[in-house]
Amino acid sequence: MIRHDRRRFLQAMGFSGLALSTGALSSRLPGGASRARAGGFVAPTRVVFFITPHGTVWNRWKMSIPGAPDANPLTAATAGGMRSLVGLPESEWSEILRPLAMHASKLQVVEGVAQLTTLVNERDAADGQDVNRHHIAQANLLTCQTAMQRPGATAIGNALTVDQYMGQATRGARAWASRVYGANHQHPYSFVAPGEAAPIVNRPEEAFADIMGTYVPPMSGGPTRADLVRAARGSALDLVADEYDRVAPRLSGDDRRKLERHRDLVRDLERNFERSESSAATCDPRLRPSSCDADIHACATGADRCSTNISIDDFSQVIALALACDLTRVVNFVVPNLPAHEFGLPCDADVHQNYAHNSIDGSTYTPEGAAGMVAYNRTYARHFARLLTELDSIPEGDGTLLDHTAVVWISELGTGTHELVDCPVVIAGGGGVLGQGRYVRLPYDRRLSVRWGGPSYVGASMNQIYATLMHFLGMPDDGFGMRSIDLGPGGETLSLTGVRPELLA
């Protein structure tokens, strides 16, 4: 029988379990930056990476900036610019980003960031090495280093990734330095050492059990992990009901609201997992959108593919709970790839080959390809908005959990056609340090020699986005990964270090 004492209960609900003599609960604070409020409470800062595949559809993601002409980084340079998102009617948001309008005051959309280390890695690779942009972009996205080439196999990450580096710097007394949730997109993104992928939890039920202290590792023979968890747990809240009843009356209004929100998160997740367990054998048709074929097996076999959207939102609640409980301050959520039927395409559609590759103006472009990838990315935008809503619903200090967290939506590619010169970035939260409520176009005005085609215009690097996030966390680093690159013939170099001042408050 798993026993939940008062200390475990308070930790699971987001408090330290220290003395209650003052009528308010203390918070564990070592590691990371923080901001104080009256009464001495200190709100820690955190980072969440939200990674989706295939880039975006440029002309349906970008937003115009009054007085600043739009530009294509493949053919023309452009200066930077900025516009406010606060009060902007939804009709003036781009088609893909429109679901984020509800959070306009707490996010900034960033245009003009390039995967520069990947472009140079590809350009300078030896003959016969893996230069598939999916592979090396996945290897480089969070390492910002040259990918590890493996004879007879695809390239893979060759260094500690930024999420792991941030986690080590902010761990303090927390249970975990960082967490990696979700699913790989062909290859891992997060690495603890060259060629060594970080452990990933790919089921929200397991992540939830981990938080509540009821996780049982997989076993060979005998009862399954799920059987043991169900037998031991029943309900995490039932195990700590007495402690909740004793503690709640002794809390201040803010602390009681926080405790109640955590209780609701736990209960909602339990109900979600009970629902998914009961329907797993048949892939309950009620979990599938009406656009899916009436024959359940025409979509997929098994509940996971028929309910990817549900799994993503469950993970959003798990992430909120893990951060609110201060079990970690860095989460890397590799968002599962969406089956076609979950964003309105035919169940047997090949999203990668027939839609992503045909979504950008060029020799393979089709209107159907572009429309499919717009729906694909808009679905991810809805999930990103859901994650922000979860974090914003939890009161903390002088604001909410979202106010003290930088939630960063990125992709390994700029487009489904494998461009890397203008990758989509959205940063939400981070109030007081990071800018909010605005659309920022960083200048792309330097010409980079690339392997395929003519030179492309580039500017800001993903390395500098990470340096800016580390600044938000209170880390002293001025960069991450490669320090500079050469732009090609002529010997000119481009620095990849430094915080981007355009992204600060």
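Let me start with Cys-325, which is buried, at a relative accessibility of 0%. Cys-347 has a relative accessibility of 14%, and because the cut-off for buried is under 20%, Cys-347 counts as buried too. Keep in mind that this is a predicted model.

Since I have named two cysteines, a word on disulfides. A disulfide is a covalent bond between the sulfur atoms of two cysteines. How many disulfides does the count come to here? The count is 0.

Next, Ser-316. You will find Ser-316 in helix α12, which covers residues 308–324. Is Ser-316 buried or exposed? Its relative accessibility is 0%, so Ser-316 is buried. Leaving out residues up to four places away in sequence, Ser-316 touches His-383, Leu-387 and Glu-390. There is also a distance to look at on the structure: Ser-316 and Thr-389 are 73 residues apart in sequence, and their C-alpha atoms lie 9.3 Å apart in space.

Where does Thr-415 sit? Thr-415 is in the loop that runs between β12, residues 405–411, and β13, residues 423–429. With a relative accessible area of 0%, Thr-415 is buried, because buried means under 20%. Its side chain reaches the backbone nitrogen of Glu-419, at 3.2 Å. Which residues is Thr-415 in contact with, once neighbours within four places in sequence are set aside? They are His-54, Gly-55, Thr-56, Trp-58 and Ile-360.

Technical notes:
Residues are numbered from 1 along each chain as its sequence is written. This is a predicted model: local features need pLDDT of at least 70, side-chain atom pairs count only at pLDDT 80 or more; totals for chains, interfaces and linings use all residues. Side-chain values use heavy atoms; hydrogens and water are left out. Helices (H or I, at least four residues) and strands (E, at least two) are DSSP runs, numbered from the N terminus. Buried means under 20% relative accessible area, exposed over 50%, partly exposed in between (1.4 Å probe, protein chains only). A polar contact is a pair of N or O atoms within 3.5 Å; within protein, one must be able to donate a hydrogen and the other to accept it, and residues adjacent in sequence count only if both atoms are side-chain atoms. Contact means heavy atoms within 4.5 Å. A disulfide is a pair of cysteine sulfur atoms within 2.5 Å.
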